[in-house]
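Hi,

Here's the structure I promised to pass along.

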Amino acid sequence: METLQATFFLFVFVPLVNPAPPLQQESLQFYEYDTDVSMGSLTQDYEMQSKDIRKDGTNVSLDTSLMLPSDDNQLDVPPTKDTNLPTCLLCVCLSGSVYCEEIDIEAVPPLPKETAYLYARFNKIKRIAASDFADIPTLRRIDFSGNRIEEIEDGAFSKLLLLEELSLAENRLVKLPVLPPKLTTFNANQNRIKSRGIKANAFKKLTNLAYLYLGHNALESVPLNLPESLRILHLQYNNITTITDDTFCKSNNTRYIRTRMDEIRMEGNPIVLAKHVNAFSCLRMLPVGTYY
């Protein structure tokens with residue numbers, strides 16, 4: 001019994017007397033040594049004014065202007081259109097697409113020159129300038145839904161010859177801009193557009209336009225000169241009171257059929273469609289709306 005107790009106490013106290021293992025001592029010394037070297041190199045970097053470095057046979061000068069400024073004298077360099085860095089930090093840039101959604105921007109940011117798709121929904125943009133897309137001819141789709149756009153400069157979209165889809169839904173527009181020629185889809189739902197804000201030939205030359213959304217506005221009449229390519233037309237919840245025999249059809253051609261038109265929505269307007277039966281004689285399907 002005494003022998004067992006002696007062995008027990010020897011087992012407990014021997015590790016307390018021995019020094020720490022060599023690995024722990026070496027790691028502690030290495031840590032302290034590394035810290036001293038790092039602090040010294042940092043001190044030398046901040047004290048260095050300039051230094052020539054030869055790399056691959058070329059002299060490179062390290063200018064102190066590249067050093068971080070102190071808190072008392074910080075430089076404020078605004079982003080420019082010559083660099084893609086600010087926009088792609090603020091937004092997400094991926095394979096020709098730029099996503100700037102719900103980031104509270106108040107203007108269209110500078111875009112990379114190869115941008116094909118721009119999604120800038122749900123921001124605070126109030127105005128679109130002609131210069132915003134002057135250098136971006138590659139754009140195919142633009143979505144400005146859910147902003148506060150009140151003004152669009154002349155020519156902002158008209159020179160985008162590849163643009164196929166444009167959404168200006170849920171903004172504050174009172175008139176439509178000039179649209180690009182190859183547009184296939186245009187969405188201006190939920191604005192404040194009146195009939196006088198749409199030019200007579202606004203859609204006439206858009207021979208590829210298939211989807212036109214103008215619902216929830218303040219239109220008093222159906223836009224004129226709708227292209228033959230149109231398949232879907234949404235005019236619901238406006239203030240349309242009149243339709244003529246030439247609105248959708250051709251009064252001088254009783255055999256004319258608008259073959260591509262699949263859907264017309266006119267519900268929520270004060271017009272009674274049953275009073276204008278001849279206006280729909282060329283359609284394969286009657287518009288959705290009030291008939292009595």
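To start with something you can check by eye: is E102 buried or exposed? With a relative accessible area of 61%, E102 is exposed. Bear in mind that this is a predicted model.

I picked E102 for its backbone. Its phi is near 55 degrees, a positive value in a residue that isn't glycine. You'll find E102 in the loop between β4 (97–99) and β5 (117–119). Y237 also has a phi near 55 degrees, again positive and again not in a glycine. That one sits in the loop between β12 and β13, and at 44% relative accessibility Y237 counts as partly exposed. For context, most residues other than glycine have a negative phi.

Now the inside. The largest nonpolar core has 56 residues, and the members touching the most others are F133, F144, F157, F186, F203 and F248. Leaving aside residues up to four places away in sequence, F157 touches I128, F133, I142, F144, I152, L166, L168, P177, V178 and P180. F133, F144 and F157 are also linked into a cluster by ring pairs.

Searching the whole structure turns up four aromatic pairs. One of them is F248 with F280: the ring centres are 6.2 Å apart and the planes at 35 degrees, so the pair is tilted. F248 belongs to the loop between β12 (232–234) and β13 (263–265) and F280 to the segment after β13, so this pair ties together parts 32 residues apart in sequence. Both F248 and F280 are buried.

One last thing: K250 lies over the face of Y256, 4.7 Å from the ring centre.

Cheers

Technical notes. Residues are numbered from 1 along each chain as its sequence is written. This is a predicted model: local features need pLDDT of at least 70, side-chain atom pairs count only at pLDDT 80 or more; totals for chains, interfaces and linings use all residues. Side-chain values use heavy atoms; hydrogens and water are left out. A nonpolar core is a set of buried Ala, Val, Leu, Ile, Met, Phe, Trp, Tyr and Cys residues joined through side-chain atoms within 4.5 Å. Buried means under 20% relative accessible area, exposed over 50%, partly exposed in between (1.4 Å probe, protein chains only). Contact means heavy atoms within 4.5 Å. Rings of Phe, Tyr and Trp (its six-membered ring) pair if their centres lie within 6.5 Å; planes under 30 degrees apart count as stacked, over 60 as edge-to-face and the rest as tilted. Helices (H or I, at least four residues) and strands (E, at least two) are DSSP runs, numbered from the N terminus. A charge sits over a ring if NZ of Lys or CZ of Arg is within 6 Å of the ring centre and within 35 degrees of the ring normal.
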